[in-house]
Amino acid sequence: MTQIHPTAVVDPAARLHESVVVGPYTIIGPHVEIGAGTTVGPHCVIEGHTTIGRDNRIWQFCSLGSDPQDKKYAGEPTRLEIGDGNTLREFCTISTGTVQDEGVTRIGDDNWIMAYVHVAHDCRIGSHTIMANVTTLAGHVRVGDWAILGGLTGVHQFSRVGAHAMAGFASRIAQDVPPFVMVAGNPCEAHGFNQEGLKRRGFGPERILAVKQMYRALYRKGLTLEAARAEIEALRAEHPEAEADIAMMLDFLASAGRGIVR
């Protein structure tokens, strides 16, 4: 049997796996689905068209699936989708999407989302990310796999943070942060690449060297962005083992609509 505290209010139409645990005074709406092994702490509100996967741990006072904070929102049945194995600490707020985008806010798997984090409408969060306390994502933000955002970081709407990137404490991100790059400050500036993180994730010396050379082309040689992209393209012949990393960087740079932190 699903373990629902007697003071919780769970709509009969909600679909909860029999192993889900729901804490005291939590409210769960009719269009919510929660997968096996997930625990929901006390005083949470989960509403809207929200799907939550397996083995998530949702701490007290979280608000998930609320209407987007967008004045254009007119009650359309947009969605929030959360994957498996995520941790959401106290007072996290995550909204559903809007019809001006794809109508869904999406969070992947194995993300570590600390207290007071806000994920606005239409954001896409990858997997294995870390967002420290009071990180705030405006609407339509994209965060790649393994990215780390330091506490009190704010990300401007429509900005992107690439895979394996890292932002220091209280960073103001108003342009795209390319994959692998470490940034900090207000305004944000690049401060190297995430070498230690790549080592921890099993990147070998040749792949790390290729990332270092991509970083140098973007930030250390005084090249225009077009010239830097050409130099990164040329690395494919020199570092075939880093083909996926180089392709990811080139694809990211080619679609940097807001420009990159530079």
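Arg106 is partly exposed, at 31% relative accessible area (buried means under 20%, exposed over 50%, partly exposed in between, with a 1.4 Å probe and protein chains only). Its side chain meets that of Glu81 in a salt bridge, with 3.0 Å from N to O (a salt bridge is a side-chain nitrogen of Lys or Arg within 4 Å of a carboxyl oxygen of Asp or Glu). The model is predicted, so local features need pLDDT of at least 70 and side-chain atom pairs count only at pLDDT 80 or more, while totals for chains, interfaces and linings use all residues. Residues are numbered from 1 along each chain as its sequence is written, and side-chain values use heavy atoms, with hydrogens and water left out.

**Salt bridges**

- The structure holds 14 salt bridges.
- Helices (H or I, at least four residues) and strands (E, at least two) are DSSP runs, numbered from the N terminus.
- Glu81 counts as partly exposed, at 24% relative accessibility.
- Asp245 forms a salt bridge with Arg207, and the closest N and O atoms are 2.8 Å apart. Asp245 belongs to helix H4 (residues 243-254) and Arg207 to helix H2 (residues 205-219), so this pair ties together parts that are 38 residues apart in sequence.
- Asp245 is buried, with a relative accessible area of 5%, whereas Arg207 is partly exposed, with 27%.
- Arg200 forms a salt bridge with Glu196, with 3.6 Å between the closest N and O atoms. Both residues lie in helix H1 (residues 195-200), four residues apart, which is about one turn of the helix.
- Arg200 is exposed, with a relative accessible area of 69%, and Glu196 is partly exposed, with 44%.
- A network of salt bridges links Asp101, Glu102, Arg124 and Arg142.

**Strand pairing around E9**

- Strand E6 (residues 32-34) and strand E9 run parallel and are joined by three bridges. Two strands pair if DSSP finds at least two bridges between them.
- Glu33 has Thr51 as its bridge partner in E9.
- E9 also runs parallel to strand E12 (residues 79-82), and four bridges join the two.
- Ile52 stands opposite Ile82 in E12.

**Cysteines**

- A search of the whole structure finds zero disulfides (a disulfide is a pair of cysteine sulfur atoms within 2.5 Å).
- The cysteine sulfur closest to that of Cys92 is in Cys62, at 4.6 Å, which is too far for a bond.
- Cys188 is likewise in no disulfide, and the nearest cysteine sulfur, that of Cys123, is 17 Å away.
- Cys92 counts as buried, at 0% relative accessibility.
- Cys188 also counts as buried, at 10% relative accessibility.
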